[in-house]
Every structure is written in C-alpha cells, then in structure tokens.
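Here is a friendly walk through the side-chain contacts of one protein model. Have the viewer ready, and follow along residue by residue.

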Amino acid sequence: MKILVLGGGFAGIETAIKLRKYGYEVTLISERDYMFIYPISIWIPVSKISFEDTKLNLFELQKKHGFNVIIEKITKIDTNNQQIITDKNTHKYDYLFIALGMSKVHIKGLENTHSICGKPDEATIIKDKLNQLVEKGTGNITVGFGGNPNDPTATTMRGGPAFELLFNISHFIKNKGLRDKFIITFFAPMAEPGKRMGKKAFQKMGGFFERYHVKTHFGKKIKEFTKDAIVFADETKLKSDLTLYISGGDGLPIIKETSLPQNETGFVKINELCRVENEDNIYVIGDAAAIRNHPWAAKQGHIAEVMADVSTYNFHNMIIASGKRKSYWEKLHIICVMDSGDGAAFVVRTSKKEIMIPLPIVGHWLKKGWGWYYKQSKMKRMFRIPGM
Ligand SMILES: Cc1cc2nc3c(=O)[nH]c(=O)nc-3n(C[C@H](O)[C@H](O)[C@H](O)COP(=O)(O)OP(=O)(O)OC[C@H]3O[C@@H](n4cnc5c(N)ncnc54)[C@H](O)[C@@H]3O)c2cc1C
C-alpha cells in the first residue's frame with residue numbers, strides 16, 4: 001500500500017508521525033527540507049530568535065519516526081491517475097493526505113508589503129527592514145491583516161500573528177529608547193478586527209493598543225499598497241515606511257486546478273472524518289481544508305494537528321474495518337497564547353464560550369516554553385502532553 005503525505009508543516013508532519021505509529025509505511029513530500037514553526041517566527045523580526053531556531057529538520061524527524069522524506073516541489077495533483085507530479089518525478093499513491101497549507105488573497109501593490117505569514121524568509125526580510133528603520137531613528141510602521149469575504153475561517157488565527165508582530169515591534173523599539181520617534185499604526189479593512197477571536201477578546205484589544213501606544217485605522221477597504229503608503233478605497237492614504245500586511249487566506253493554485261470538491265475560496269470540502277467528499281482514498285487536513293458549518297473557527301496549527309489525529313485514526317479504522325470513527329468538528333476551538341513581547345494574552349474560543357486572560361510577563365515565557373516543548377516532543381526528546 002503506497003501512502004503519500006503532501007506538505008511538511010504542522011498537518012503533514014503530525015500525519016506522517018501518526019501513520020508510522022499505526023505501523024504504515026509513509027512517504028512525505030515537501031518543497032523544503034524543514035518544517036517552519038510559524039507561531040514562534042514572530043520573534044525573528046525583533047531578533048529574539050534566529051531563523052535556524054524556528055526550523056525543524058525533516059531528515060532529523062525522519063530518523064526519529066521512520067517515514068520517508070522526498071524534497072520536491074509538487075506541480076500537479078492528478079487524482080484521476082492517482083499520482084503526484086513534482087518538478088523531478090511522478091509518484092503513484094493508493095492513499096493520499098494533502099497538507100499543503102494555503103495561499104493569500106492578492107491585492108494591488110502587495111509586493112510593497114511583507115507578511116509574517118508568507119514564505120519563511122519573509123521573517124528575516126522584516127527583521128532587516130526594521131533594523132534599517134531603527135538605524136534611521138524615525139519612521140511610520142503599519143501592521144495589518146485582511147480577510148477573505150468568501151470564507152470567514154480563512155484569516156490565520158483570526159489576525160493573531162498581526163497583533164503579535166505589532167506589539168512585539170512596539171516593545172522592541174521602546175527597548176531601543178526610540179518609541180516616541182516612531183508612529184506605529186494598526187490597520188484593517190473590517191470595522192471590528194479581531195472580533196472573531198471572541199467579543200471579549202475584541203473589547204480587550206483597546207487596552208493593548210493603548211498600552212503599546214499604537215494608533216488604529218479600521219473599517220476602510222484597501223485599494224492598493226504603494227512604496228510609501230496604504231491607499232484606501234476613498235483615496236485617503238496612510239503613510240508607511242514599512243508595511244507589514246497579512247492578506248486573507250486563499251486556496252492554493254495547485255489545489256484549485258484539481259477536480260477535488262472545493263468551497264468558493266479553493267479550500268477542499270471534507271467531511272467530519274477529514275476525508276474528501278466522494279473520494280474514499282483522499283484526506284485533506286490543516287489550512288488546505290475548508291472548515292464548514294463553524295464560521296467562528298480559524299485556521300490554526302493546533303487544529304491542523306487535531307485533523308492529523310482524526311484523519312489517521314479514521315484511515316486506520318477503515319483499513320482494519322473496525323467501524324470506529326472520530327469527528328474533528330467536536331474538537332474545533334480556538335486556543336492561543338497571543339504574545340506581545342513582554343507578556344501575552346491567553347485566548348480561548350469554542351462554540352459556547354469566549355475567554356481572554358491577560359498574562360503579563362509569564363505569558364511571554366509560556367509561549368517560549370511551548371516553542372521549546374514543540375521541538376523536543378516532535379524529536380522524541382520528551383513525552384507528548386495529551387492534546388498538545
Ligand atoms: C506568524 C504565525 C503565527 C501563528 N501562530 C499560531 C499559534 O500561536 N497557534 C496556532 O495554533 N497556530 C498559529 N499559526 C497558524 C499555523 O501556523 C497554521 O495554521 C499552520 O502552519 C497550518 O499548518 P499546515 O500544515 O496546514 O500548513 P503549513 O504549515 O503552511 O505547511 C504547508 C507545507 O506544505 C509545503 N508545500 C506547499 N506547497 C508545496 C508544493 N507545491 N510542493 C511541495 N510542498 C509544498 C510547505 O513547504 C509546507 O511544508 C500561526 C501562523 C503564522 C503564520
């Protein structure tokens with residue numbers, strides 16, 4: 001039986017590990033030889049962590065868990081012939097797990113911005129640009145995020161990484177003794193950005209903006225980004241020397257080109273078992289999957305791992321015909337520690353409850369601890385805490 005896992009991110013790695021635990025031979029294909037731990041990459045621009053420390057080498061993981069690793073760029077998912085075409089080879093499969101993440105909505109002039117949710121090396125580019133501005137000693141920094149009107153779940157972590165970067169940058173510049181020389185503005189096209197983390201979380205954001213002396217600019221559609229400004233639909237402009245913008249999520253072109261069932265955004269429609277509708281041998285997990293019937297939910301690494309667990313469990317129980325199954329819907333929730341450089345906020349949202357607890361100082365170390373735990377547990381250097 002030939003099982004392929006596509007993608008070496010949160011979803012792909014956890015799927016390959018779980019399938020190995022069930023005793024299957026698995027091959028993981030990814031375009032880079034490392035997993036990029038996005039949640040801790042927010043500290044690269046403010047020089048609190050190195051790029052190298054944000055990586056988990058796939059060949060090291062292979063040694064620990066025993067799955068095969070192929071580093072190739074996938075160019076076509078050919079479900080009709082059960083094969084994956086890459087820049088170097090064609091790989092046949094009997095069962096397929098797609099964990100390729102997502103793309104971003106294009107806005108005119110996006111090349112004038114940088115995103116902490118883009119390709120990994122963007123984090124280093126942001127760091128360099130920020131340091132250049134700090135050397136100059138003054139400037140306007142704008143940080144924002146957008147959504148995708150076709151899919152309310154498509155904003156990464158409900159904008160959490162944009163808030164994290166924003167507050168970390170403010171804290172970083174304050175530590176340089178230059179906070180009064182910079183204007184830092186948070187912008188978003190929606191009237192109430194962050195509200196999807198929960199009503200309470202949104203109300204408390206005002207306190208954060210005040211504490212970090214951040215100006216806000218909400219509720220105006222973005223027309224385009226230029227080299228030194230954000231231009232809104234009403235032709236007003238926000239001056240910006242460094243624009244950091246996380247565009248709304250969009251389906252990947254190589255997935256849009258397939259005949260797999262998709263929502264309007266290009267995310268693949270799956271059932272609660274994480275299996276593609278009408279395709280018995282294909283599972284889609286993580287950011288690439290459409291989360292339907294739960295509009296408050298968000299794309300998260302945590303949910304990607306839940307989906308990896310659910311899909312592999314259902315796959316294994318189908319193979320052994322046990323009749324057992326699990327649903328990822330029951331496990332959907334938002335849980336995150338939103339870091340601000342010198343503290344954090346603990347955010348939880350489920351269909352029934354919303355919690356946001358400010359955690360000064362200790363929250364920052366909690367998130368740092370999570371990054372350490374994630375690497376150590378994946379490398380089998382410590383036990384896994386159930387559910388993490
Ligand atoms: C800055 C930031 C902070 C975040 N903070 C948190 C947090 O605190 N908590 C949380 O739970 N989530 C957080 N998230 C969200 C989380 O990182 C994502 O939801 C998660 O990465 C999704 O995992 P994935 O495996 O589906 O996709 P990805 O992690 O994007 O992985 C996709 C994989 O597919 C590979 N790939 C893509 N296209 C191809 C191709 N054509 N050929 C070969 N390989 C390909 C990529 O190289 C990558 O290995 C954060 C995200 C960002 C960007």
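## Charges and rings in a predicted model

At 11% relative accessibility, Glu-305 counts as buried (buried is under 20% relative accessible area, exposed over 50%, partly exposed in between, with a 1.4 Å probe and protein chains only). Before going on, note that this is a predicted model, in which local features need pLDDT of at least 70 and side-chain atom pairs count only at pLDDT 80 or more, while totals for chains, interfaces and linings use all residues. Residues are numbered from 1 along each chain as its sequence is written, and side-chain values use heavy atoms, with hydrogens and water left out.

Glu-305 forms a salt bridge with Lys-378 (a side-chain nitrogen of Lys or Arg within 4 Å of a carboxyl oxygen of Asp or Glu). This pair links distant parts of the chain, with Glu-305 in helix H8 and Lys-378 in helix H9, 73 residues apart. Helices (H or I, at least four residues) and strands (E, at least two) are DSSP runs, numbered from the N terminus. Lys-378 is buried too, at 2% relative accessibility. Both residues belong to a network of salt bridges that also takes in Glu-14, Lys-18, Asp-309 and Lys-326.

The structure holds 18 salt bridges, including these:

| Salt bridge | N to O distance |
|---|---|
| Lys-367 and Glu-164 | 2.8 Å |
| Glu-235 and Lys-223 | 3.0 Å |
| Glu-305 and Lys-378 | 3.0 Å |

Lys-223, by contrast, is partly exposed at 38%.

Now to the rings. A search of the whole structure finds 28 aromatic pairs (rings of Phe, Tyr and Trp, the last by its six-membered ring, with centres within 6.5 Å; planes under 30 degrees apart are stacked, over 60 edge-to-face and the rest tilted). Phe-36 and Phe-51 make a tilted pair, because their planes meet at 35°, with centres 5.4 Å apart. Phe-163 and Phe-167 are stacked, at 6.5 Å centre to centre and 15° between the planes. These two are four residues apart in helix H5, about one helical turn.
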